[in-house]
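Hi,

Here's the structure I promised to send over.

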Amino acid sequence: MDTMVKHRHTLSKNQKWVIASTSSGFALENMDVLFLSFAMSSMIADLHLSGGEAGFISTITNLGMLVGGIAFGILGDKIGRVKTFSHTVIIFAIATALMAFANNIYLIYALRLLAGIGAGGEYGVGIALIAENFHKEQIGKMTSVAAIGGQIGAILAALIAAWIIPAAGWHMLFLVGILPVILTIFIRKHVHESEQFIKAQASESNSLLSDVAKKMFSTPYLAWQTVGLMIMMTVQIAGYFGLMNWLPTIVQKQLNLNVSNSSLWMISTIIGMSIGMMTFGSIFDYFGPRRAFAIFLIGSALMVYTLSLAQNMTMLLIIGAVVGFFSNGMFGGYGAVISRLYPTEIRSSANNIIVNVGRAIGGFSSVVIGILMDKYNLGVVMGFLSALYLLSFTVMITLPGLKTLTKEAKRN
């Protein structure tokens with residue numbers, strides 16, 4: 001850790017491999033997950049799926065993420081970050097590639113559950129690797145860099161899907177999912193466990209399950225900290241899924257705008273998200289998490305509602321990029337906060353449990369927004385999302401741990 005303090009601005013070889021591996025892993029994970037979105041209409045037509053059957057594919061993927069997040073979070077704290085990270089990549093890559101041979105809904109459910117287990121396990125382990133290989137004043141920026149990898153994966157998914165599905169069909173699209181296996185070769189060869197983790201593992205005498213329960217829930221202070229972060233992550237995921245899944249449809253229906261070229265909306269929003277992530281990481285490291293989250297949560301509440309004022313495609317793209325800047329710019333900050341608030345011996349468990357509970361609950365926002373969209377106008381739908389961000393802001397200011405981290409940032 002002393003070496004990290006002396007060379008905060010010069011990355012070591014291992015630090016470069018850590019950030020490259022985690023960013024690439026998150027990119028490939030998001031690419032594999034989003035293949036499902038681009039292939040869904042073709043799958044429905046080819047396999048004659050009902051709306052309920054098709055909708056459950058995403059639901060079972062999210063449930064797999066929750067199971068994988070808990071299981072691999074604990075495994076990452078037990079056997080090491082590097083081994084576990086590579087295991088999760090292999091699982092979601094093979095499960096995605098096997099979708100190329102799936103010709104009935106039950107096999108698809110099984111494979112998406114397995115892909116979700118692998119993808120859900122990757123996040124916390126990757127964030128723990130970053131937290132233990134960089135100085136605490138760099139963690140906000142570095143977790144944001146890794147989160148940008150996920151957005152690059154979304155763009156790759158759109159480009160690859162546009163190229164492969166018209167030419168070869170949806171089955172061949174999923175076969176591309178085997179590519180992340182190559183990443184594991186480089187991870188195993190070049191990325192090493194940190195001294196911090198090795199020391200923590202050597203001194204750990206309690207069973208990991210009891211340690212996780214004790215250090216996340218044993219006191220009212222810890223329990224509220226954990227539950228509060230779960231609520232914030234639920235809002236984060238709810239906003240993301242709500243905007244990315246429904247906004248083009250909402251705009252077409254409510255404002256009669258031409259949004260047929262949805263890739264324009266997605267790309268402008270992702271660019272905004274990526275710029276937001278880098279900005280948030282810098283604010284987080286310099287001013288601390290409370291100020292960073294406050295700026296971005298309030299900005300999200302205001303800008304999401306502003307979407308209801310868009311009157312043409314140009315306004316929608318500009319406002320969409322700004323909404324992306326605020327609403328998903330703070331995603332990397334959750335990993336940074338969790339990694340600072342929970343000790344090394346349960347770090348990957350804490351990250352995966354908190355994040356994947358948020359994913360499992362927040363993923364239902366698409367259902368809620370669909371119901372609201374049927375009954376109310378665009379202003380009500382956007383008002384609902386704005387209220388969620390204000391709820392997250394209220395929870396955030398009640399968490400003493402974030403206040404402590406902000407004071408540490410001021411001292412440094």
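Let me start with a question: is Ile-94 buried, partly exposed or exposed? Keep in mind that this is a predicted model. Ile-94, which lies in helix 4, has a relative accessible area of 38%. Buried would need under 20% and exposed over 50%, so Ile-94 counts as partly exposed.

Ile-94 also belongs to a nonpolar patch on the surface, along with Ile-90, Leu-98, Phe-101, Met-172, Leu-175, Ile-178, Leu-179, Ile-182, Ile-185 and Phe-186. Together these residues have about 960 Å² of accessible area. Helix 4 (81-98), helix 7 (170-175) and helix 8 (180-190) each supply at least two residues of that patch.

Now for the inside. The largest nonpolar core has 109 residues, and Met-43, Ile-57, Ile-108, Met-232 and Phe-293 have the most contacts inside it. Leaving aside neighbours within four places in sequence, Ile-108 is in contact with Met-43, Leu-47, Ile-57, Met-99, Ala-102 and Trp-170.

Leu-36, in helix 2 (residues 13-47), is buried because its relative accessibility is 4%. Beyond residues up to four places away in sequence, Leu-36 touches Met-43 and Ile-57 too, plus Ser-58, Thr-61, Arg-112 and Phe-174.

Last one: helix 13 (residues 289-306) reaches 25 Å from its first C-alpha to its last, close to the expected 26 Å. Phe-293 is among its buried residues, as are Phe-296, Leu-297 and Met-303.

Cheers

Terms used:
Residues numbered from 1 in each chain as written. Predicted model: local features only at pLDDT ≥ 70, side-chain atom pairs only at ≥ 80, totals over all residues. Heavy atoms only, no water. Helix = DSSP H or I, 4+ residues; strand = E, 2+ residues; numbered from the N terminus. Expected span 1.5 Å × (residues − 1). Buried < 20%, exposed > 50% of the residue type's maximum accessible area, 1.4 Å probe, protein only. Patch = residues over 30% accessible without salt bridge, like charges linked within 9 Å, V, L, I, M, F, W, Y side chains within 5 Å. Areas by Shrake-Rupley, 256 points an atom, 1.4 Å probe, with all protein chains shown as cover. Salt bridge = Lys/Arg side-chain N within 4 Å of Asp/Glu carboxyl O. Core = buried A, V, L, I, M, F, W, Y, C linked by side-chain atoms within 4.5 Å. Contact = heavy atoms within 4.5 Å.
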